[in-house]
Amino acid sequence: MWLTANPQLDKKGQLHHLLTLEGLPAEILWQILDTAKSFVGTRVKKFPLLRGKSVFNVFFEPSTRTRTTFEIAAKRLSADVINLNINASSQSKGESLLDTVDNLSAMHADMFVVRHSESGAPHFIARHVAPDIHVINAGDGRHSHPTQGLLDMYTIRHYKKDFSNLRVAIVGDVLHSRVARSQIHALTTLGCPEIRVIGPKTLLPAHVEQLGVHVFHDMRQGLKDVDVVTMLRLQNERMQGSLLPSAQEFYKFYGLTGDKLAAARSDAIVLHPGPMNRGVEIDSSVADGKQSVILPQVTFGIAIRMAVMSIMAGNK
Amino acid sequence: MKIHIKGGRLIDPRSGVDAKKDVYIAAGKIVAIGDAPNGYTANRVIDAAGLVVCPGLVDLAARLREPGFEYLATLESEMEAAIAGGVTSLACPPDTDPPLDEPGLVEMLKFRAKNLNQARVYPIGALTQGLKGKRLTEMAELVDAGCVAFSQADAPFADTQVFYHALQYAATFGFPVWLRPQDPALAQHGVAHDGQVATRFGLPAIPVCAETVALSMILILARETGARVHLARLSSAEGVEMVRQAKRDKLPVTCDVAIHHAHLTEMDIGYFESNSRLDPPLRSQRDRDALRAALADGTVDALCSDHTPVDEDAKQLPFAEAEPGATGLELLLPLTLKWAEESKMTLALALARITSDPARVLGVDAGHLTTGHAADICIFDPERHWKIEPQALKSQGKNTPYIGLELKGKVRHTLVDGQVVYEF
C-alpha cells in the first residue's frame, strides 16, 4: 500500500541514495560498472570530482575493510573524509539514531556512508536527512550491501565479460547474508539466467526461491557446471548452537575444497566478500588458488565506491 | 434525560433488525424502539437521518496503558479515543506495570474509568502473578474486583505444567482464559512474517508455526482441562483452520482477529515502514484472505482494535528496533466498514463482529439494542470520509499504518447509559 516512489532515485530517476540493489534499473547498474571501469583503467591517482565535499563514514557496526575502501575511494576523489565510529560514542550514551542523524546533518556533510546492524537502518536515515545529503549503505543487518554486490558484479564481468550465459552459485549462510541478497538482485537485474543458492535448510531464508534462485542442499550437485562460485562468510556465532552443530561439520558439507570445486566448470571463478574463515567455508588451497579472484575483488571495490560517489555527486 | 434518536437506520445485529426505526431513551435505558411510548416527551431529539444507529462497539483488546505507562497514554486520553470511535465497552489486557494481578489494581482501574463516565472497562486479569508464568493469581478475588477473564497477555509460561494447572484451575470455576497463540521460542527475535518480504529485506522472521505450535498445545490442553479459552489475535490461514476444526469438534473456543490483520499484509511494510511493525506480524495475502473468510463465516468471532498506543520515539527507529503496535480504537469502525464493503458483507453481519459477538465472548450485557437494557449506542455516518491524521486522533498513540489515508465512516454520537458522551 505504501510502495511509493523508489526512495533511492530523485525526480529525474537518477541515483540519489544507494540503499539496496533491489529495484534499481539495469541502466544505473551498468553506469556504475562502466564508470568504475574508467577508474580501474587509469593511472591517475587523484580526481577532483568530490573536491570541497565531505564524506562521513558513519559506522554503527565495526568494519575495517569496507570503511577503509570507502575512505580510500573518497580521498582519491578529493573529498574530506570523517570517520565516525558510533558504536563507541553516542549510542552508548543513549542518544537516539534520529538525534545522531540530525546532528551529523547539521555538520554539513554531503554524503553519509552508513553501516548498521539493523536491516533497513539506511532507509530510515535516508528518510530523515536533509534532501541534499546522499546516503550510501555500507551494509545493513541481513538486508543489503550494495557496493559489495556491485564490486562482485564488476569482478564477474571482468572475468566472464557477459552475464547472459552464466551459472552462478552462492554458498553458505544465505539467511544472514546481506551480500547474498545484493548479489541475487544485481545478477537478476543484469540478466544472469541461473542463480543457485547452496546451504543447509537452517541457513536459507523461507521462500528464497521467490527471489528467482534455485535451491540446492548438496554442494556437488549445486556446483555442477557453474561459472561463478561465491562463498559466504560464516559468522562465528552461527557455528554452534541450533543452526549448525560445528564448523567442522559445516566444512565437511559446504566448505569449498578443490575436490568440490572440480564439479564446477574448469574456468569457474571463486569469490568471497571477506574476511575469510579458512578451513570453515573455504580451503586455503582454493582461496589462494588460480581460480580465486578474492584479492582483485578488493581492488575493484575501491573503483566501485569511487564510481558510486562520483555519480551521486554529479546528480544534482 | 430523555433522548429520542430520530429517523436513523437502526441496525441491531443480535436481533437481526436493519430498518428505519426510532429509539427512545429514558433514565439511561432504551424504553422503546419504533414507536414512542405513551406520554413520552424527549428532552432532546437527535436527528439521525442518513446515519446508522447501532449498539455501542465492544472492543476485546484495547491497551489503556494504565497503570505504569502513562507516558504512552492515559486513561483519560484513551477513553476519549474509545468514545470517539463509538466504542462503549472494552476489555483491557493485563500487561500494565504492575500487571493487573491484584484486586486493588483492578478496583482502582475500574474506579478511575467509572469516574470518567465514558466507556465501560472490563479488565482482563493476569493469569499468573506479575505475568511471570509461575504462580497463579487469586482469580476469585480478581473476579470480585471486576475481572471478566484471565490472560498471560504476550508473556510466556515458565513451563507447560504451569500452563496446564492454570487452565485446570480456571476451568474449576468457569473463568475464561484468553491466550495469544505464539510460541515464544519460535517467535524469538522475529519482527516480520516468515515470507517473501522478510526474505528480501533480511528481517528476522516469525514463522507461522510459532502460531500453530502454540495453538495445538492450547487446544489440546483446553480439551483436556475443559477450560473456556478465547484465542486472541490469530494471524495465519493455518491457525484459523485449526480453530475451525476445533469448533467443528465442539470445543468451546472463541477467537478474534485484529483489525489491521483483516486488511494489511507483509507487503505493507513498504520500505521498512515502522508503523507496520505489529505483533503478531502482518502475514501473506493468503493469510489475510483466510482471516477475512473466517470472519465472514463466523469461525473468527470478533474483530478487535488491538489498540496499542506507542510513543513516537519508539516508532522513529529502524523497523526491527521499533516497538510493535498501532493505535486502533478510532479506526475499528471505519476499518470494519471497509472490510464489509470489500467483502460484500451486509452491514448487520459486519457490525455483529464488533458488537454482539465480542459481547458474547466477554460474557457481558452489551452489544445489542433492546428495550429495558442500557442505552449504549453508536450513531455514525457511513458515507463520511475523514483523513487519518495525528491531530484527528484523540488517542495519545498516533501511530498507525493508515496515517495520511482517508477512510469512510465517522462516529457522530456515542451514548453510554443513555448519556451523550461524544458528539462530532
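In this predicted model, helices H1(A) and H5(A) are roughly perpendicular to each other, because angles from 65 to 115 degrees count as such. Helix H1 spans residues 26-40 of chain A and helix H5 residues 146-160 of chain A; the two pack at an angle of about 65°, and their axes lie 10 Å apart. The crossing of H1(A) past H5(A) is right-handed. On the H1(A) side, the contact is made by Leu29(A), Ile32(A), Leu33(A) and Ala36(A), and these meet Leu150(A), Met153(A), Tyr154(A) and Arg157(A) of H5(A). Sorted by class, this contact of H1(A) with H5(A) holds 7 nonpolar residues and 1 charged residue, with no polar ones.

Turning to the strands, chain A has an open sheet of 5 strands in the order E7-E6-E5-E8-E9, with parallel pairing. At its edges are strand E7 (214-216) and strand E9 (269-271) of chain A, each pairing on one side only. Neighbouring strands of this sheet are turned by 20° against each other on average, direction ignored. Within chain A, strand E5 (residues 167-171) and strand E6 (residues 194-198) pair in the parallel sense over 5 bridges. Ala169(A), for instance, has Arg196(A) in E6(A) as its bridge partner. In general, strands of a sheet pair through backbone hydrogen bonds.

Finally, the contact between the chains draws 26 residues from chain A and 21 residues from chain B. On the side of chain A that touches chain B, helix H3 (97-106), helix H4 (121-128) and helix H6 (178-189) of chain A each supply at least two residues. H4(A) gives the most to this side, with 3 residues. By class, the side of chain A that touches chain B comprises 12 nonpolar, 9 polar and 5 charged residues.

Methods
Residues numbered from 1 in each chain as written. Chains lettered and ligands numbered in written order. Predicted model: local features only at pLDDT ≥ 70, side-chain atom pairs only at ≥ 80, totals over all residues. Contact = placed C-beta atoms within 7 Å. Helix = DSSP H or I, 4+ residues; strand = E, 2+ residues; numbered from the N terminus. Nonpolar A, V, L, I, M, F, W, Y, C, P; charged D, E, K, R; others polar. Axes fitted to C-alpha atoms, helices over the stretch in contact; angles between N-to-C directions. Parallel < 35°, antiparallel > 145°, perpendicular 65-115°, else oblique. Left-handed = near helix turned anticlockwise from the far one by under 90°. Pairing = 2+ DSSP bridges.
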